[in-house]
Amino acid sequence: MNNKNMNGNFLNFIDKNKGIYISILLILLLFWVVFSLNRIDMDVYFLSLEIVIFFTLIYTFISFLNFKKELDLKAKIELLKSENSNLKHTMNNYISDLNEYFLMWVHQIKTPITAAKLITENENLDLNLIKTQLFFIEDYTNMAMDYLKISDINNSMDITNIKLDDVIRPILKKYSILFIGNAISLEYYPINDYVISDSKWLSILIEQIISNAVKYTRNGKVSIKYDKEDKKLYISDTGIGIRSEDIPKIFDKGYSGFNGRLNQKSSGLGLFLVKEISKKLSILIDVESKIGEGSNFSIYFQNFQFCKD
């Protein structure tokens, strides 16, 4: 391939400088005619010819090197232009995504803020309701921060042995206010097993799934079970469930589905974060759900391989 490029470059060089070589040939031909007509010793002509050919070869060699450098420089400039264009395109998409998400986020966070304001204006002030709305505000804020960090996830990873109970228990404690407020019973027993992952990002992944289970369940149950042999974590609920046509799209950014729009609780980002983190941690996520019966999320830790791409 390199030889083909070299031959192609040399032919381009000759074509670009053909005027010079044609001029040299015409001059040599003219001198040959002059020497022949004047019966001058042709040895002098051939000596002159050798000198001209020698300097022509030197000129060709030096000029070709400069020509090749010029081509290489042009190729690098074109590559830089292409990379710059791609970076601009990527940055424009990133800014567009940010604008799109934060417009949605501002609209979403207004709901608990408005609800909290209405509660404070009521004479019979309910502190638990205020705490719940403040919880949603904090939850949406943390989600926005996680969204901004997701692009730099590889640089902030600390892959190690993690005890699953140490990840799950703080999440359950954090969401206890929603468990109580929505009258949800919890089925969870100590797992006492370890997985290889990043504690912070795994916590965000599991939290988003538990968050969805609690937000869409009332007077029901959330179960967290673990299969040690297959290293599978199951998080299920008896909530409103997900429509079958929504399941393939629930991990898409900004997709809240019918249930999210109906209940005005979905930012359309939580499960997108789950998908992005699961790819980085080489975790497989499976979803089963039926309307009116609930949902089951399966998290597969088997065959862990750290994803750098």
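This is a predicted model: local features need pLDDT of at least 70, side-chain atom pairs count only at pLDDT 80 or more; totals for chains, interfaces and linings use all residues.
As a general point, the strands of a sheet pair through backbone hydrogen bonds, and they may do so in either a parallel or an antiparallel sense.

β6 and β7 (residues 294-300) run antiparallel to each other and are joined over seven bridges; among the facing residues, Lys 290 has Gly 294 of β7 as its bridge partner, and Ser 289 stands opposite Ser 295 in β7. The hairpin of these two strands has three residues between them, and within that hairpin Gly 292 takes a positive phi near 80°.

The loop between α7 and β4 holds Thr 217. With a relative accessible area of 1%, Thr 217 falls under the 20% limit and is therefore buried. Setting aside residues up to four places away in sequence, Thr 217 touches Asn 182, Ile 184, Asp 237, Thr 238 and Gly 239. Of these contacts, Thr 238 is 21 residues from Thr 217 in sequence, yet the two C-alpha atoms are 6.3 Å apart in space.

Helix α9 (residues 270-280) is largely enclosed by the rest of the structure, because nine of its eleven residues are buried. The buried residues are Gly 270, Leu 271, Phe 272, Leu 273, Val 274, Glu 276, Ile 277, Ser 278 and Lys 280, and they pack against α4, α7, β6 and β7. After α9 comes Ser 282, which has a positive phi near 55°.

The buried residues of α4 include Ile 130, Phe 135, Phe 136, Asp 139, Tyr 140, Met 143, Asp 146 and Tyr 147. The packing of two helices is described in general by the angle between their axes and the distance between those axes. For α4 and α9, the axes come within 11 Å and cross at roughly 35°, and the crossing is left-handed. Met 143, Asp 146 and Tyr 147 of α4 make this contact with Gly 270, Phe 272 and Leu 273 of α9; by type, the residues of the contact divide into four nonpolar, one polar and one charged.

Thr 120 counts as partly exposed, because its relative accessibility is 47%, a value that lies between the 20% and 50% limits. Apart from its neighbours within four places in sequence, Thr 120 is in contact with Leu 125 and Ile 130. Thr 120 and Ile 130 are ten residues apart along the chain, and their C-alpha atoms are separated by 7.8 Å. Ile 130 is in turn one of the buried residues of α4.

Technical notes
Residues are numbered from 1 along each chain as its sequence is written. Side-chain values use heavy atoms; hydrogens and water are left out. Buried means under 20% relative accessible area, exposed over 50%, partly exposed in between (1.4 Å probe, protein chains only). Helices (H or I, at least four residues) and strands (E, at least two) are DSSP runs, numbered from the N terminus. Two strands pair if DSSP finds at least two bridges between them. Axes are lines fitted to C-alpha atoms, for helices over the stretch in contact, and angles run from 0 to 180 degrees between N-to-C directions. A crossing is left-handed if the near helix is turned anticlockwise from the far one by less than a right angle, and right-handed if clockwise. Contact means heavy atoms within 4.5 Å. Ala, Val, Leu, Ile, Met, Phe, Trp, Tyr, Cys and Pro count as nonpolar, Asp, Glu, Lys and Arg as charged, and the others, Gly among them, as polar.
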